[in-house]
Amino acid sequence: MSEKNLPSHARVVIVGGGVMGVGLAYHLAHEGWGDDTVLLEKAELTSGSTWHAAGQITHSTSSFGLGKCVDYNIGLYSGQLEAETGQPVTWHGCGSFRLAYTEDEMDWLRHTLSVGRSLGFNIELVGPEKVAELHPFYNLEGVLGALHTPDDGHVDPTNVTMAMAAGARQKGVRIFRNCRATNITQADNGEWVVETEMGTITCEHVVNAGGTYARQMGEWSGLQLPMTSMTHHYFVTEPVPEFQNLDKELPVIRDDRKVSGYIRMEQQRGLIGIYEKENPNSVWHDHCPWEYENWLFDADYDRVMPWLEESLNRMPIFAELGIQRDVHGAISHPPDGNPLIGPAPGVRNYWCCCGTQIGIGWGPGLTRELARWMVHGAADISMREFDPRRFGSYATKDWQVIKAEEDYCLRHEIPFPHFNRLEGRPIKPSPLYELLNSKGAVHEEVYGFERPRWFAREGVEQRDHYSFRRTPADDMVAAEVKAVRERVGIMDVSAFTKVLVSGDDAEVLLDRLIANRLPKIGRITLGHMLNRRGRIEMEVTVSRVREDAFYLVCAAFFEQRLLDHLEAHRQGARVKIENLSKSYCALSLNGPKSREVLNAVRQYSPPEDKLSNADFPWMTLQINTIAEEQVWAFRMSYAGELGWEFHMPRASLEPVYNALWAAGEPHGITDYGSFAMNVMRMEKGFKGAGELTNEVTLAEADVLRFARTDKDYLGKDKTLNTDLPWVCAYLEIEPDGEIDGHGGEAVMLNGRVVGSTASVAYGHTVGKILAFAYIKPEAATPGTALQVVVHGSPRAARVLGEPAYDPQSLLPRTDAALEIA
């Protein structure tokens, strides 16, 4: 049934009637907004990318957040949705195998097993004989093992979408089919005006769930939503004689190496899906034609033939059969492969629910989290990897195509830890990029910026070395850590977000947004911004540079998020918000010899000033001149050593770096990168972005000491709640010399899962694997013996009560760091 009379107003208007838009309508209704939500679809529900999806879903994922989503989705598809709505969803709970042919692939499966254990999945690592037992027709030549996820399956995409639509309608959502939106603009009062072929509707919240149309819909509102349509094939064979008398459906086979895709039963036929690893096909670089409904492209057999031939080799019972149906449809791919789920950048109450390449597998879980975000102010899983604001203006259309094609080719490759996507780079290089590259830097991209990860030395090849085990890069990182701990190291940290907030009401605005007390002039404070659920939006360092001006610094990927948060809550405050992230650069100088280096280059007066604690105290700032360049010098250290950060205009970076380097050479100065920085922060027990997420409050993150009870701030009433379902604990894990863990691993107490790791790193200084983990409070007492499932096997672990390195934090604050060390 379709509504006939479009209302003039609604709280929410969702544009797009595929699995994502309908899924959001369903979950908004379950969060209490059903009676005031409208969904618009230009044709029939599912007529875009949803209808031609293969409809598979698996617990085989190494992403902790997506793992929560797929587990929810499988429960929804396998019974909950049909029981609620009375609508059939055609669930096939056949299970699945993901095959491994190499030791690297086996390591991937072992890590996935560890993550699955933390999420309570029914999951096991098996040998080829188990695959042969449950799937006797697959050619297992060369297979070393497989991940068996017996609760997996596949579902009819149209049926499941229609069932969610029925559930949404039952709770008051109005759905208008054959109602194409033609424009979306924002009125002066902040409301959104959606123009359609059936009239105009005004709303508080608008949602772009446009699928392959989402990017061009964003342009109506002046938004750049990065995604590109990529075409994907699957093929359905003629009936398979060997399938006729089976008493149960065969498991889905995911063969990433040989097939680069999946093979399963489709009733009594075979279904082969292929993500070719070269020559990918992107379409509609400018606009997806509005008249394309239930659209498919002609099959391009030449493009997929190598993998199609190998699929027939792997399933020889298909070899003599014809292809009865080919499906070659378009699917949206963002630059990094992750969906765009959350607020659009730079505007209020415009929400993205698009860019989802695995809509059936990921959609309902992600739309549930988006509904919670819209209604309550925060999702219940970390949304960092899905937040649309993770991209900036650098994500041009040409770049989007390059990255989407790269992502498509990586769809069935091993997702190694720290995998570095190289296409379309560099796009925002630092002034030091070429210099550091010539010195062996291996760079990574963060919010478009190029940041050094580590430096190749001593014959180690200057490239990423991928493995779930330690690599030659780990030895280089160990050397960088040692240099900083014993001598002095320098790092280009220009990628940091840098924002200046000034004006008569700057203090008033920031005081109501930051849980900590604001600093006095010339001092620095660590603070946290929260949302109305008391969850952590981001951690920032706040430096008061004048009475009416504050300099905020946070992680690079929070740049737009910080700007939006400040704008959303300024409430008429007389402030100026300046984004200096690109025009300003920064260096970090750390180590016991950093004072000598700075003394040699700083042009100071009087000459007897030697940068003592009295002259330049911990957590203070000064304006210094280095190499004739004026810089802001901040005495602080993320490495846990005596150190400074220097922030300066972009043009000053190279001369300041050269001066510091020259002064540091007598002291053995070394370049270091983000990998060493991460090791050192873990040794010091400093929490980072992996721990401080929208999932948790300050109390849960165990950083409540940075909050004040004698002032009001956004989210205070929620964050001071001490009834904690989990808490962030600091662990040491038994090392084995080769495999350390990568985050998401299950943590167990007396054989029972009590949580999972957030960040893991080997501390080269202390000789221990260190981790932060969110675990049940009863397991978090210092000294408690735990086990962590690393690489699929339990390892002994212990809760630490203080940092593994310099537990009293004397080194960063002292005049005599070397003596204390």
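The paragraphs below lead from the chain as a whole to a few of its strands, sheets and loops.

This is a predicted model, in which local features need pLDDT of at least 70, side-chain atom pairs count only at pLDDT 80 or more, and totals for chains, interfaces and linings use all residues. Residues are numbered from 1 along each chain as its sequence is written, and side-chain values use heavy atoms, with hydrogens and water left out.

The chain has 18 helices and 39 strands, where helices (H or I, at least four residues) and strands (E, at least two) are DSSP runs numbered from the N terminus. Its radius of gyration, taken over C-alpha atoms, is 27 Å, which agrees with the value near 28 Å that a compact globule of 821 residues would have; the globule rule here is 2.2 Å times the number of residues to the power 0.38. Along the principal axes, the C-alpha trace spans about 90 × 60 × 50 Å. Of the 821 residues, 61% count as buried, a term that means under 20% relative accessible area, while exposed means over 50% and partly exposed lies in between (1.4 Å probe, protein chains only). Among the contacts (heavy atoms within 4.5 Å) with a separation of 6 or more, 73% come from residues 24 or more positions apart.

Strands count as paired if DSSP finds at least two bridges between them. β20 is joined by three bridges to β12 (residues 199-208), with which it runs parallel, and by four bridges to β19 (residues 340-343), with which it runs antiparallel. W351 is the bridge partner of V207 and also of P343. Six residues lie between the strands in the hairpin of β19 and β20, and there G346 takes a positive phi near 85°.

T228 lies in strand β13 (residues 228-239) and counts as buried because its relative accessibility is 2%. Its side chain reaches the backbone oxygen of Q400 at 3.4 Å. Leaving aside neighbours within four places in sequence, the residues in contact with T228 include R215, S282, H333, Q400 and A404.

The loops hold some backbone exceptions. Most residues other than glycine have a negative phi, and most peptide bonds are trans. A cis peptide bond, with omega about -5°, joins R425 and P426, and P426 is found in the loop between α9 (397-410) and α10 (433-438). E458, in the loop between β22 (449-455) and α11 (472-486), has a positive phi of about 55° and counts as exposed because its relative accessibility is 72%. E628, in the loop between β30 and β31, has a positive phi near 65° and counts as exposed at 64% relative accessibility.

Conventions: Polar contact = N/O pair within 3.5 Å; in protein donor to acceptor, adjacent residues only side chain to side chain.
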